Amino acid sequence: MENCTEIFDVIVVGAGVMGSSTAYQTAKRGKKTLLLEQFDFLHHRGSSHGESRTIRATYTKDFYPKMVLESAKLWEEAEEEAGYKVYFKTSQIDLGSSYDKSLQAIISSCQKNRVPVQVLNHNQVSEEFSGKFQLTEDWIGVVIEHGGVIRPTMAVSMFQMLAMKNGASLRDNMEVVDIKKDPSKDAILVSTRNGQMFWAKKCVVTVGAWMKKLVKEVAGLTLPIQPQEITVYYWKIEQGHEAEFTIESGFPTFSSYGEAHIFGTPSLEFPGLLKILVDGGHPCDPDKRTWSASPDTLSATKEWIQSKFGGLVDSSEPVLTQSCMYSMTPDKDYVIDYLDGEFGKDVVVAGGFSGHGFKMAPIIGRILADLAIDMQAKDVDMKHFNIKRFEGNSEGNHEDFDD
């Protein structure tokens, strides 16, 4: 058994995109930082791997667009420090019935946040994107400039590299099984399954789909975070049209509202293929996944492709499938808060990113560093993300509309 006697300023548990971004932020501020990961670095068993994630500033809730815009700036700052790109810009289009309440809320949110937005009818959408989207008369398109694609595995690797460049220590295959406060040392003791122990003044826990399990074990607190297994599909663009669906040709990231919430990205990581899937999956235990697709999501995706792309994309069967996980809260808002209790303000937890957190990793990392080091987050209203919102209210935050 290794008993590490040195005390780190900050130990970050979980080296997905949130933990890696946090370690970069704390190390950059001169704090002695240790980043621990239960599996190999850059593994495919969680939520921070793969070839693409969407970045968009279209939200039904008013507090997210400002965070996205700030995060976009921080992505670019990190890229500049790293010397290579992980964020590729394009426009974003949200599609749906002109009566859809989610879509109307997105338009309102953009206007409130001064995000320039175009609302196009079905003919204008066809003209804007050279006939690639085929909409019925009652559908509209909501277009903003702030869209794009992030390369996830590259992004996590970038934050880890920058964390090390700024002095952080990184250790993988270190599954954390216990976190305790030692009042005599005024420090946090972090213990791993292989018997190693590490001390820190502060601890940040960002373990994704394992958040509910670890927090329950450590603090006896049940966070309302449910892991969901989702399946990512890639579809073949018909021969001769491949170049029309690239970022270089102006094709956008996209989202569609209706019976199924569909989203997708331009052809980027796999030339000639489009990533299109349903935003949702089935509940799972992160340690006992089926790694299988839901027939319902596949059927809904096929139907959407058939109706919207006018035969330009082969909807018969996906060419490629991948498995990933969401960590869902009842209100789909994040959990970012102090664990409190015996830990006071010395342990910060962040999870429940509900399938829309990856784009926010730079600002989440900054927030977590602020909470660990300065005891307060700057320029972000944290009331939306606190744990106590679920006390006596299992649904959490309330939206102003029903859809």
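**Entry 1: overall size.** The radius of gyration is taken over C-alpha atoms, and the globule rule is 2.2 Å times the number of residues to the power 0.38. I applied this to a predicted model, in which local features need pLDDT of at least 70, side-chain atom pairs count only at pLDDT 80 or more, and totals for chains, interfaces and linings use all residues. Residues are numbered from 1 along each chain as its sequence is written, and side-chain values use heavy atoms, with hydrogens and water left out.

For 403 residues the rule puts a compact globule near 22 Å; the protein has 21 Å, so the two agree. I also noted the box filled by the C-alpha atoms, roughly 70 × 40 × 40 Å along the principal axes.

**Entry 2: secondary structure and burial.** I found eight helices and 18 strands. These are DSSP runs numbered from the N terminus: helices are H or I with at least four residues, strands are E with at least two. Of the 403 residues, 57% are buried. Buried means under 20% relative accessible area, exposed over 50%, and partly exposed in between, with a 1.4 Å probe and protein chains only.

**Entry 3: the cores.** I looked up the largest nonpolar core, which has 60 residues. Such a core is a set of buried Ala, Val, Leu, Ile, Met, Phe, Trp, Tyr and Cys residues joined through side-chain atoms within 4.5 Å. M67, W75, Y334, I336, M360, I364 and I367 touch the most other members. Helix α2 (residues 64-82) gives this core its largest share, eight residues. Another core lies apart from it and has 34 residues, including L135, I237, V313 and M328.

I then listed contacts of W75 (contact means heavy atoms within 4.5 Å). Leaving out residues up to four places away in sequence, W75 touches, among others, I55, Y87, F159 and P362.

Entry 4: Is T231 buried or exposed? T231 counts as buried because its relative accessibility is 10%. T231 sits in strand β11 (residues 226-236). Beyond four places in sequence, T231 touches L277, S292, A293, S294, T321 and Q322.

T301 belongs to helix α7 (residues 295-308). With 0% relative accessibility, T301 therefore counts as buried. Beyond four places in sequence, T301 touches Y233, W235, I262, I276, L277 and V278. I checked one of these, I262: 39 residues separate I262 and T301 along the chain, while 7.1 Å separates their C-alpha atoms.

Entry 5: I took the contacts between residues at least 6 apart in sequence, and 74% of them join residues at least 24 apart.
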